[in-house]
Amino acid sequence: MATNVEQQQSSRHQEVGHKSLLQSDALYQYILETSVYPREPEAMKELRELTAKHPWNIMTTSADEGQFLNMLLKLINAKNTMEIGVYTGYSLLATALALPEDGKILAMDINRENYELGLPVIQKAGVAHKIEFKEGPALPVLDLMVEDAKNHGAYDFIFVDADKDNYLNYHKRLIELVKVGGLIGYDNTLWNGSVVAPPDAPLRKYVRYYRDFVLELNKALAADPRIEICMLPVGDGITLCRRVS
Ligand code: SAM
Ligand code: CA
């Protein structure tokens with residue numbers, strides 16, 4: 001009979017080279033320089049460089065994730081979308097550039113100032129007309145939306161990149177608002193790698209604070225029969241949820 005240790009070992013990944021894929025900063029740099037930066041639209045480059053000078057630049061979506069979102073939205077022919085957590089708008093611009101001319105993004109953030117920092121770049125790119133920005137906490141807006149049946153199943157894609165302690169509250173509402181077959185993307189689900197950190201690991205205060213919420217979210221998504229999921233190690237981890245019922 002297999003011992004506990006053997007059982008644990010056999011459930012671990014066995015794939016040769018699995019972990020080595022992104023084992024170095026040089027490899028990440030290679031991805032950026034070989035396939036991301038050369039194809040990055042001028043406006044996204046400008047917004048990325050502008051954001052890099054901002055004191056909270058750690059919050060921005062990375063260029064490789066921006067490229068991923070842009071392609072994903074085109075693949076699913078997204079038209080009606082939502083974004084919770086805008087900051088200076090890098091993922092918003094990646095989305096706006098991917099949508100058709102009559103595509104829409106309902107974008108929410110408690111901070112309008114940072115959105116307005118990036119807005120001139122979005123306007124210059126000719127995609128600002130697709131965006132409806134709402135300043136304020138997202139949850140009450142979602143509550144109002146859920147009350148109105150015409151919003152049910154109205155969204156092709158929803159990107160959640162805001163307060164991690166509310167992700168499960170968002171999920172309860174968003175599952176009603178995304179269409180069957182549509183996608184919700186929850187960002188930062190690997191949370192700086194802290195999801196596998198030992199309890200006594202030295203973590204930055206905000207990383208430690210949100211870690212348990214991210215762990216709880218990941219468990220809840222994995223157990224939710226209304227969605228299919230796929231956790232991708234892009235950026236800080238993004239979990240795609242496809243609504244199936
Ligand atoms: N997606 C953005 C990008 O590509 O640059 C990054 C978003 S940043 C990681 C998180 C954002 O969530 C911040 O701009 C913050 O103001 C916003 N936020 C925090 N709590 C929020 C809430 N309750 N409702 C809406 N936005 C919120
Ligand atoms: Ca993020």
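The model is a predicted one. Ligand 1 takes up the space of the largest pocket, and 18 residues surround ligand 1 there.

**The shell around ligand 1**
- The closest of the surrounding residues are Thr61, Gly85, Ser91, Asp109 and Asp161.
- By type, the shell holds 9 nonpolar, 5 polar and 4 charged residues.

**Polar contacts and burial**
- Asp109 has an N or O atom in its side chain that is 2.6 Å from an oxygen atom of ligand 1.
- Ser91 places a polar side-chain atom 2.9 Å from a nitrogen atom of ligand 1.
- For Tyr170, a polar side-chain atom lies 3.4 Å from a nitrogen atom of the ligand.
- On its own, ligand 1 would expose 600 Å², and the protein buries 89% of that area.

**Aromatic pairs**
- The count of aromatic pairs comes to 6.
- Take Tyr167 and Tyr186: their ring centres are 5.6 Å apart and their planes meet at 40 degrees, so this pair is tilted.
- Where do these two tyrosines, Tyr167 and Tyr186, sit? Tyr167 belongs to helix H8 (residues 167-177) and Tyr186 to strand E5 (residues 178-187), so the pair ties together parts that are 19 residues apart in sequence.

Key. Residues numbered from 1 in each chain as written. Chains lettered and ligands numbered in written order. Predicted model: local features only at pLDDT ≥ 70, side-chain atom pairs only at ≥ 80, totals over all residues. Heavy atoms only, no water. Near = heavy atom within 4 Å. Polar contact = N/O pair within 3.5 Å; in protein donor to acceptor, adjacent residues only side chain to side chain. Areas by Shrake-Rupley, 256 points an atom, 1.4 Å probe, with all protein chains shown as cover. 1 Å grid on protein atoms, 1.4 Å probe; cavity = no way out; pocket = protein on both sides within 12 Å on 5 of 7 lines; lining within 4 Å. Sits in = over half its atoms within 2 Å of the grid points. Nonpolar A, V, L, I, M, F, W, Y, C, P; charged D, E, K, R; others polar. Phe/Tyr/Trp six-rings, centres within 6.5 Å; stacked < 30°, edge-to-face > 60°. Helix = DSSP H or I, 4+ residues; strand = E, 2+ residues; numbered from the N terminus.
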